[in-house]
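Subject: Structure for your review

Dear colleague,

Please find below the structure that I am handing over to you. I would be grateful if you would look through it alongside the notes that come after it.

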Amino acid sequence: MSAVRWGILATGGIATRFVTELPQAGNGVVTAVGSRSRDTAEAFAAKHDIPKAHGSWADLANDPEVDIIYVATPHSHHHEAALLCLRSGKPLLVEKAFTLDLAQAQDLVSVARERQLFLMEAMWTRTLPAIHKMLDLVADGAIGDVTLVDASFGLAARFEADHRLRNPLLGGGALLDLGVYPVHFAHLLLGPPRFTRAWAHLYPEGTDERTGIVLGYEDGAVASLYCGAGSDVRSASVVGTKGRIEFDYGFHNASSFTLHRDGGKEEFTAAPSSLHFQAAEAGRCLQAGLLESPMVPLQSTLDVMATLDAIRSQIGVVYPNMGREIK
Ligand SMILES: NC(=O)c1ccc[n+]([C@@H]2O[C@H](COP(=O)([O-])OP(=O)(O)OC[C@H]3O[C@@H](n4cnc5c(N)ncnc54)[C@H](OP(=O)(O)O)[C@@H]3O)[C@@H](O)[C@H]2O)c1
């Protein structure tokens, strides 16, 4: 397969960023965009020099000149949009949080496997060079055995009731939007947890404004995680028996970190973060005929969704449109 032909489903903030950064991947081009409205699709196509604009998700899903679709709706609609595309035979890169709950995620994974279609969560953190460098150091024993992962992702902004990050109809709340990053980060280092404890402050709408999470692991390691609005924080530490690695501001979009050990410290710098790393990885997998990415395996997505479900059940967040909806 020559350059992978991308279709973009939805035209919001992250879709704009994705089409802007995709060219750096070097193995893909955007050939079409699909929106709920033809006018919006045409405006997006004109702005980003995209050859084709579709006024429905179904038309995009059935476009023979599209090899893979990037699903960039609010998470409330990931399952519906992704299922439509898979049923039309399209491989997918689906934004985070992958779905509203584990049942929806399992549904998508089973349809993709049944139809032998590539499927990947757009958890771009897992594709960044700085994160790979950090994982290599940990695997080489640079900090000994990992005993603690501490990661926080908060935004300074406060959100109005109808905002995507607050509205239950759009999968609102800090956990699925921001908390998914610290949960994936802990999973990268420690795998699925054995124990989960969480507390949240909820908006009047019933979604979480901020959530604190403690995860416990078979080997005795602990993860201490936070996500929330009204709190500008993006730090992470990975602490081991012989040292620690610190991400100062920006672990989810890391390009550098510091290794502390033996009373000294060493700075590591990698390529600046960008969404093109995940696009390149999805394109590479498609060209190689893989059905999932070794960098963002579907099991990691399912494990993280299971942890998010466990947290949500403790903090009492329920979405009106979650669960399986086989159409
Ligand atoms: N990887 C990252 O760094 C990152 C950053 C931000 C967001 N995200 C993820 O990307 C997704 C979208 O976030 P965003 O910030 O781009 O949101 P956004 O700016 O609100 O855009 C979402 C787009 O989805 C469509 N949409 C809006 N409401 C909808 C509804 N009720 N039903 C169906 N489609 C609807 C709209 O496109 P049309 O009008 O064209 O249909 C809208 O422009 C979320 O899942 C979020 O977690 C990822």
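The model is a predicted one.

Overall form

The chain contains 9 helices and 14 strands. Its C-alpha atoms occupy a box of roughly 60 × 45 × 35 Å along the principal axes. The radius of gyration is 19 Å, which agrees with the value near 20 Å that a compact globule of 327 residues would have. Of these 327 residues, 51% count as buried. Among the contacts in the chain with a separation of 6 or more, 68% are between residues 24 or more positions apart.

Tyr 70 is placed opposite Leu 93 of β5.

The sheet of 8 strands

A further open sheet is formed by 8 strands, ordered β8-β9-β10-β7-β11-β12-β13-β14, with mixed pairing. Here the edge strands are β8 (195-202) and β14, and each pairs on one side only. The twist in this sheet averages 10 degrees from one strand to the next. Helix α6 (residues 129-139) packs on the sheet and touches β7, β11, β12 (243-247), β13 (256-261) and β14. The direction of helix α6 makes about 20 degrees with that of β13. Helix α7 (residues 174-190) lies across β7, β9 (208-216), β10 (222-229) and β11, and runs at about 160 degrees to β7. As for the strands themselves, β7 (residues 146-155) and β11 (residues 236-240) run antiparallel and are joined by 5 bridges. Ala 151 stands opposite Ala 236 in β11.

Two residues in detail

Ala 97 sits in the loop between β5 and α5 (102-114). This residue counts as buried because it has 29 C-beta neighbours inside 10 Å, where 20 or more are required. Leaving aside residues up to four places away in sequence, Ala 97 touches His 75, Leu 176, Val 180 and Leu 308. His 75 is 22 residues from Ala 97 in sequence, and their C-alpha atoms are 6.0 Å apart.

Phe 268 belongs to strand β14 (residues 264-269). It has 15 C-beta neighbours inside 10 Å and therefore counts as partly exposed. Again leaving aside residues up to four places away in sequence, Phe 268 touches Lys 133, Ser 256, Phe 257 and Leu 259. Phe 268 and Val 33 are 235 residues apart along the chain, with 38 Å between their C-alpha atoms.

The ligand

The ligand is surrounded by 21 residues, of which the closest are Ala 10, Thr 11, Gly 12, Gly 13 and Ser 35. By class, this shell divides into 7 nonpolar, 9 polar and 5 charged residues. Helix α1 (residues 13-21) supplies the largest share of the shell, with 3 residues.

With kind regards

Terms used. Residues are numbered from 1 along each chain as its sequence is written. This is a predicted model: local features need pLDDT of at least 70, side-chain atom pairs count only at pLDDT 80 or more; totals for chains, interfaces and linings use all residues. A residue is near a molecule or strand if its C-beta atom, placed from the backbone, lies within 6 Å of it. Helices (H or I, at least four residues) and strands (E, at least two) are DSSP runs, numbered from the N terminus. Ala, Val, Leu, Ile, Met, Phe, Trp, Tyr, Cys and Pro count as nonpolar, Asp, Glu, Lys and Arg as charged, and the others, Gly among them, as polar. The radius of gyration is taken over C-alpha atoms; the globule rule is 2.2 Å times the number of residues to the power 0.38. A residue is buried if 20 or more other C-beta atoms lie within 10 Å of its own, exposed if 12 or fewer, and partly exposed in between; C-beta atoms are placed from the backbone. Two residues are in contact if their C-beta atoms, placed from the backbone, lie within 7 Å. Two strands pair if DSSP finds at least two bridges between them. Axes are lines fitted to C-alpha atoms, for helices over the stretch in contact, and angles run from 0 to 180 degrees between N-to-C directions.
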